[in-house]
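Me: I would like to learn how to read helix packing and surface patches. Please take me through an example.

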Amino acid sequence: MTTKTRRDLVGLGFISPWLIGFIAFTAWPFLRSIQLSFTRYDIVRPPKWVGVSNYQSLFTNDEVFRNSAWITLKFAAISVPLMIVAGVTLALLLNANIRGIAFYRTVFFLPSIVPTVASTAIFMWILNPQIGLVNGLLSKIGITGPGWLNDPKWALWSLMFMGLWGVGNSMVIYLAGLKDIPIYLYEAAIVDGASPVKRLYKITLPMLTPVIFFNLVMGVISALQYFTQAYIMTNGGPADSTRFYALYLFDRAWRYADMGYASAMAWILFVAIMLLTAALFGTQKRWVHYGG
């Protein structure tokens, strides 16, 4: 046995716990779900091969599937740009050199590290139509607040509003991107007489586009898999106005024990995410600027 082979075996030995876990809990379920998507499987009985029947039913007979896909796409199309604008704006404000700026950065970042379930419980009170904080403040100025999570017209918007609570994660990344912009670019622009607004549009935002692109891709992937908050706060209601794709997938798998159908839904979601991600990467040459 050569020295290189011995070193390779030692390295494999060290990473073997991770490899075993990856194969057993990620790779195998991933591949197994492909097979299950072509079967009718309820966990109790062996899978029964049905070909493309699950996919055919999803696209032709399942109105809930189409509605959940539309709700998820609508949520992603609105919430992701909203999060980007909020994150960039907050980062620009917190990039100022003023006394106590580290304190303000900490304050705005802290909500993003609160566990999702805990923050969801907080917002269930904040958005409560009877005793909630938002409607309580609105009543002080003579406005009768809506039902928020209890109103089909407002439930989806309420979840988008709640998403701004965790903008601190992206804010930190944008702030790091701002710190990475060469200072000489601003110095040259000031010498040329560029106003603060012009420096923002000609230097700051173009130099920040790689970070914006990263958060855009991650935001789209996350939005298409949106689940926890909707499951806890609305469970798809009212009137299926917040029945996201991942929530409907969960119901098919664990409430109705229809694993074959749920596996087909999972693969449709996987393909959709891959296609959207590829489309986003295809656009980056037009607006993402790398280098100083």
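Me: Which helices each supply at least two residues of the nonpolar patch?

Reply: This is a predicted model, where local features need pLDDT of at least 70, side-chain atom pairs count only at pLDDT 80 or more, and totals for chains, interfaces and linings use all residues. Residues are numbered from 1 along each chain as its sequence is written, and side-chain values use heavy atoms, with hydrogens and water left out. Helices are DSSP runs (H or I, at least four residues), numbered from the N terminus. Here, helix 1 (3–36) and helix 13 (259–287) each supply at least two patch residues. Leu31, for one, is found in helix 1.

Me: Which residues form a nonpolar patch on the surface?

Reply: They are Trp28, Phe30, Leu31, Ile34, Phe270, Val271, Met274 and Leu275.

Me: At what angle do helix 4 and helix 8 pack?

Reply: Axes are lines fitted to C-alpha atoms, for helices over the stretch in contact, and angles run from 0 to 180 degrees between N-to-C directions. Helix 4 (residues 101–109) packs with helix 8 at about 145°, the axes being 8 Å apart. Contact means heavy atoms within 4.5 Å. Helix 4 contributes Arg105, Phe108 and Phe109, while the residues from helix 8 include Met171, Val172 and Leu175.

Me: Where does helix 10 come in relative to helix 8?

Reply: The axes of helix 8 (residues 168–179) and helix 10 (residues 196–224) come within 9 Å and cross at roughly 145°. Among the contact residues are Ile173 and Tyr174 of helix 8 and Leu208 and Val211 of helix 10.

Definitions and conventions
Patch = residues over 30% accessible without salt bridge, like charges linked within 9 Å, V, L, I, M, F, W, Y side chains within 5 Å. Areas by Shrake-Rupley, 256 points an atom, 1.4 Å probe, with all protein chains shown as cover. Salt bridge = Lys/Arg side-chain N within 4 Å of Asp/Glu carboxyl O.
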